[in-house]
Amino acid sequence: MRGSLDAAYAALSICSPNPRVGCVIADSSGRTLGHGHTQKAGGPHAEIMALRDAAKNDHSGLGATAYVTLEPCSHHGRTGPCCDALIAAGIKKVVASIADPNPLVSGQGFERLRAAGIEVVVGPGAAESRELNIGFFSRMIRKTPWVRMKIAASVDGTTALANGQSQWITSRPARADGHAWRARSCAVLTGIGTVLQDNPGLDVRLVETPRQPHRIIVDSLLQTPLDANIFKAAGQVWIYTATNDASKQAALQARGAVVTCLPDARGKVDLAAMMLDLGRREINELHVEAGNKLNGSLVREGLVDEFLIYMAPKLLGPGQGMAVFGPLQNLADALPLRFLSADMVGVDLRLLARVEGRDQF
């Protein structure tokens, strides 16, 4: 199973919106016959890749054990059922980390395997497999993406000077690491304020990636410039707005943007409705790189699951903070976090902190 989990990590930025799955085919002595991981959407799943790898090595699956990090699928989606492939190969036993949360599978894969006389064991590696696919589990169970907010700040929590200058607070290694987190996400989200102030591309440039995530702008009044850098990279641009200005929508759509109007009662974008819409559009992990106002709105509405914070070893004094919300009247009202990791990236400190209870679904 360790080998299967390692294989699943190789699919980290490849297979969206499918889950990251690894598979190892082993004989009765534990010798690996073949291994593989899920390919890009529409391509083979991990089990198929492992069976093909075994066949290249002149091994069949007859009498072998398949170690797979997620329940083999039992339905016809973009590909055929992996259950059928394992049965046809003569697999004797399947060891799976965890059941697939997709209601189209959800235990049916295990049932089909058992009905074919295959022994099924569930559990080894479950926690790690779920964590690797927390966005997929979120979308299947909560119907919304897993929302990770990335912030670059000084030790005193300043993300930009009072005049708006923010490039660059952290070092190049930290920025490259941030691009790796972009690459694993399905989409990168920002606000119109950041687009107008920094004109970011929001694409993945500092690390290699087989695909570019979608880029999303929260733009209530449709102020996105038609020559913005965000249109220049590969991949789709989605704009959420609160205005039905037909001429502005047409101009942005002519630039290739997908414009969706989701107003709330205050004339702003309904952020909760946006998250549900992103879930329907098969976004598993949403990577937020926005200014303190949009950050604050997302925090205030309880839509952030975890924070990816890069802290530079410097003090910047008064300026823009991480997120504008509150002010709170009681310490008990603070947003409770749980630190998952603290690592040095170049000269900067990377903190990964999760909102307490957000992963309990």
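Just after helix α11, Gly302 takes a positive phi of about 70 degrees; helices (H or I, at least four residues) and strands (E, at least two) are DSSP runs, numbered from the N terminus. The model is a predicted one, in which local features need pLDDT of at least 70 and side-chain atom pairs count only at pLDDT 80 or more, while totals for chains, interfaces and linings use all residues. Residues are numbered from 1 along each chain as its sequence is written, and side-chain values use heavy atoms, with hydrogens and water left out.

Helix α11 (residues 292–300) is largely enclosed by the rest of the structure, because seven of its nine residues are buried, where buried means under 20% relative accessible area, exposed over 50%, and partly exposed in between (1.4 Å probe, protein chains only). The buried residues of α11 are Asn292, Leu294, Asn295, Gly296, Ser297, Leu298 and Val299. Leu298 also belongs to the largest nonpolar core, which has 30 residues and in which Leu278, Leu286 and Leu298 touch the most other members; such a core is a set of buried Ala, Val, Leu, Ile, Met, Phe, Trp, Tyr and Cys residues joined through side-chain atoms within 4.5 Å. Apart from this core lies another, of 24 residues, among them Leu86, Val94, Ile118 and Phe137. With residues up to four places away in sequence not counted, Leu298 touches Met149, Leu271, Met275, Val288, Leu303 and Val304, contact being taken as heavy atoms within 4.5 Å.

Strand β16 (residues 348–355) is mostly covered, with seven of its eight residues buried. Its pairings are both antiparallel: β13 (residues 306–312) joins β16 over six bridges, and β15 joins β16 over eight bridges, two strands being paired if DSSP finds at least two bridges between them. Leu308 stands opposite Leu352 in β16, and Ala342 stands opposite Leu351 in β16. Between β15 and β16, which form a hairpin, there are two residues, and Gly346 in the turn has a positive phi of about 65 degrees.

Leu337 is found in strand β15 (residues 337–345) and counts as partly exposed because its relative accessibility is 40%. Leaving aside neighbours within four places in sequence, Leu337 is in contact with Phe307, Ala353, Arg354, Val355 and Glu356. Leu337 and Glu306 are 31 residues apart in sequence, and their C-alpha atoms are 8.2 Å apart in space.

Most residues other than glycine have a negative phi, and most peptide bonds are trans. The table collects departures from this pattern.

| Site | Backbone value |
|---|---|
| Gln167 to Trp168 | cis, omega about 0 degrees |
| Gly326 to Pro327 | cis, omega near 5 degrees |
| Leu222 | positive phi, near 55 degrees |
| Glu282 | positive phi, about 65 degrees |

Trp168 is found in the loop between β7 (160–161) and α7 (172–184), and Pro327 lies in the loop between β14 (319–320) and β15. Leu222 has its place in the loop between β9 (214–218) and β10 (237–241) and, at 4% relative accessibility, counts as buried. Glu282, in the loop between α10 (271–280) and β12 (285–288), counts as partly exposed at 32% relative accessibility.
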